[in-house]
Every structure is written in structure tokens, then in C-alpha cells.
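Subject: Structure for your review

Dear colleague,

Please find below the structure that I am handing over to you. I would be grateful if you would read the notes under it with the structure open.

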Amino acid sequence: MQFPPSQRLVAGTDFPWPLSADPSPDSSAQAAAVRAAAPTAAAPTAAAPPAVWLYPARSPAEPSSTRRRPIVLIHGFRGDHHGLALIAHELRDRDVWVPDLPGFGSAPPPERGLDLAAFTAHIRALCGACEAASGRRPILIGHSFGSALAAHAYAQRPDISSGLGLLSPIVQPALEGSARVLTQLTRLYYAAGAALPERLGSALLAHPLIVRGMSEVMATTSNRMTRRFIHDQHARHFSDYADRRSLADAYRVSIEHTVAEVAAELARAARPMLVVAGDDDLIAPIEAAHGFVAHLRDQHVRVDAETLTGVGHLLHYERPAAVADAIETFARTIDQS
């Protein structure tokens, strides 16, 4: 499998940065003003420098008044933009922005360290930069850990996005789910990695056998080529984190926060939502996703939900075309609203 072509965007050239983490609700005139002012704007203290890749639309060009909204995809824990490249590639009718989260891939962590506020400020700023560059408010979508971060960023400022998509959403705390024993072992693993001397700790956290073991646990597909691709991607990118402190901070955020924490705020936002989950997900059980969707619908939120059968947590690798179809269908209804 080969990655689709993409373009790394240049901050300050391809999109405005530094940019406030809290863009104005008015998208058109004020976005242009933000773009003009961006070169001299002060950097938000919680937002690290961005690393963003664009997967451009491959459909015929449209007039700017009818141009489809871009998508901003947020990856999961220990991932980077590569993990969502296949979904981005399948979204052929609109531009897709895929950043590396702070502390992962090519994005450095902020100086003060990583916490929920740092991640959500970065996501809010990225959505504002995307809107300023494209002239359209984007649709924000997150996978796994990225689903919790996207949900919190959106709950804090619903005006950053026209809708919210959650892929393999983290609905319940990791210590309460069916994989709580695995979570406890994982906590010990990251605690040891942080406590050991630098060389030993780093070797443990990036040990190929442990990374492969994690990959084997998460992969559900029986397709040999797909499994080889999954294991190869984890071997290449699962250890692309800035340092042990950043990894430990991010892990703490990943087990302490869920999308359910902001269910009330999501309901008050009253904007469309998408939930896509696999029915064989060990990390984010499908029953929790169904309960979350039912709760939001009871609050009169429009939630498009799709369950992928025979798929686990790695739906971005195992069923990228199906996920992209669900996203495109969801996005088109927003385009038309």
C-alpha cells in the first residue's frame, strides 16, 4: 500500500499562523481580517507551532460560493497524520487538512507541556486557520483519542466547525471499560517508561516487540496485506513522539477524558454530529457508542450513526473507504443546509 499524495502546508504562507485559538463566530469578513493580520498576531500560549498536511480535492473546481467545506481530521494517541491519510485520500470531493497533534510527528509540544487545554487550544486555532485560508468553516472529525480532543474543542467553541464527527469515539473512561485490565497494564508500562533512566525508558516505550504486540491486539482484519500494512505503519510512526514527558502527558489526557464529559455542551450546540464505530472494538466498545448516540438523540441532536461490522478500533486502516463515505454523506448534508 502506498500513501496518497499530499502537501505539507506552510504556516504564514498557506494559512495564517500564529492565530488566536478562539476565532470569531463570523466566518467571512472577519476571517479575511484575521488572514491579513496573521503575520503580526501574537502566538497563543497554549498552541504549539503547527504541522499540517493537505490532501486536496480531486473533483472539478467549483465556484467559490459553492465550494465544499474542508474537513479537519484529528488523529489518535501515538499517531500522526499518516494514520488518517487513507481516509483523507478517499474524500475525493473536498480538501482535507490532517495535522500532527502537538508532541507527535513533526509538531513540537508547547513549552508549558501538554494537557487537555493545550490540545484543544491547538485544534481551535487550526480550525480557525483552515477557515481563514479556505473561506469556509470546516467540519471537525477526530478518531479515538482525537475524538475526545475534538469533542472538547468543539464543546468549548462550537463556532469553530459546522459539525462534529467522531470515529471510534472514546465514550467511557478507560478504567471502566471492558479493556480495563489492559488499561491497567498500559498504565504500568507508561509509568515505567517515564520513571526509568532516559536510555532504558525510551527503549522500553519504543521497543519493537511491544509496539508490535499493541498492533496485534488492535488489528481485527484477517486480510494479510492489510495486517502487514497496519503493523508497518505502527512500526514506522507509533514512536514518533517528541519526548517521554510529552508522551506521558498525552497518555494521562487520553485516559482521563472522554466525549461523554461534554455531552451536555454538544447537545446545547444543536449542530449535526456523525458517529462511526466498529462492532468489534476492544478499546472503544460499540455498546458505549450506541448509548452515547441514543442519549444525544434524546436531547434532539441530529446524529448520523454508522456501525461497521467485523471492524475494531483501527477502522481508519481496515475500512477507510467506508469511513470516508460516511463522512462525505454527512458533510454534503451540511453543505446543503
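The notes below begin with the chain as a whole and then turn to individual helices, a helix pair and several single residues.

Please bear in mind that this is a predicted model. The protein chain contains 13 helices and 8 strands. Of its 337 residues, 55% are buried.

Helix H11

Helix H11 runs over residues 286-298, which is 13 residues. From its first C-alpha to its last it reaches 18 Å, close to the 18 Å expected at 1.5 Å a residue. Its buried residues are Ile286, Ala288, Ala289, Phe292, Val293 and Leu296. These lie on the same side of H11, because they cover an arc of only 160 degrees around the axis. Glu287 and Asp298, on the other side of H11, are exposed.

Which elements cover the buried residues of H11? Strand S6 (164-167), helix H10 (263-269), strand S7 (273-278) and strand S8 (303-308) are included in that cover. After H11 comes His300, which has a positive phi, near 70 degrees.

Two further residues with positive phi

The loop between S6 and helix H5 (180-195) holds Ser168. Phi of Ser168 is positive, near 45 degrees, although the residue is not a glycine. Ser168 has a relative accessible area of 0% and is therefore buried.

Ala270 sits in the loop between H10 and S7. Its phi is likewise positive in a residue other than glycine, with a value near 55 degrees. Is Ala270 buried or exposed? With a relative accessibility of 60%, Ala270 counts as exposed, whereas Ser168 is buried.

The packing of H3 and H4

Two packed helices are described by the angle between their axes and the distance between the axes. For helix H3 (residues 116-134) and helix H4 (residues 145-156), the angle is about 70 degrees and the axes are 9 Å apart. Angles of 65 to 115 degrees count as roughly perpendicular, and H3 and H4 are therefore roughly perpendicular to each other.

On the H3 side, the contact is made by Leu116, Phe119, Thr120, Ile123 and Arg124. The residues they meet in H4 are Phe145, Leu149, Ala150, His152, Ala153 and Gln156. By type, the residues of this contact of H3 with H4 divide into 7 nonpolar, 3 polar and 1 charged.

Helix H8 (residues 224-237) has 14 residues. Its reach from first C-alpha to last is 20 Å, close to the 20 Å expected at 1.5 Å a residue. Thr226, Phe229, Ile230, His231, Gln233, His234 and His237 are the buried residues of H8. They pack against helix H2 (85-90), helix H7 (208-218) and helix H12 (315-318).

Helix H9 covers residues 244-256 and has 13 residues. It reaches 18 Å between its first and last C-alpha, close to the 18 Å expected at 1.5 Å a residue. How many of the 13 residues of H9 are buried? The number is 10, and H9 is mostly covered. The buried residues in H9 are Arg244, Ser246, Leu247, Ala248, Asp249, Ala250, Tyr251, Val253, Ser254 and Ile255.

The C-alpha atoms of Asp115 and Ala250 are separated by 6.8 Å, while the two residues are 135 residues apart along the chain. Asp115 belongs to the loop between S4 and H3. Its relative accessible area is 28%, so Asp115 is partly exposed.

Val98 lies in strand S4 (residues 96-99). Because its relative accessibility is 0%, Val98 counts as buried. Beyond its neighbours within four places in sequence, Val98 is in contact with Ala51, Val52, Trp53, Tyr55, Leu73, His81, Leu84 and Ala88.

With kind regards

Notes: Residues numbered from 1 in each chain as written. Predicted model: local features only at pLDDT ≥ 70, side-chain atom pairs only at ≥ 80, totals over all residues. Heavy atoms only, no water. Helix = DSSP H or I, 4+ residues; strand = E, 2+ residues; numbered from the N terminus. Expected span 1.5 Å × (residues − 1). Buried < 20%, exposed > 50% of the residue type's maximum accessible area, 1.4 Å probe, protein only. Arc of directions from axis to C-beta. Contact = heavy atoms within 4.5 Å. Axes fitted to C-alpha atoms, helices over the stretch in contact; angles between N-to-C directions. Parallel < 35°, antiparallel > 145°, perpendicular 65-115°, else oblique. Nonpolar A, V, L, I, M, F, W, Y, C, P; charged D, E, K, R; others polar.
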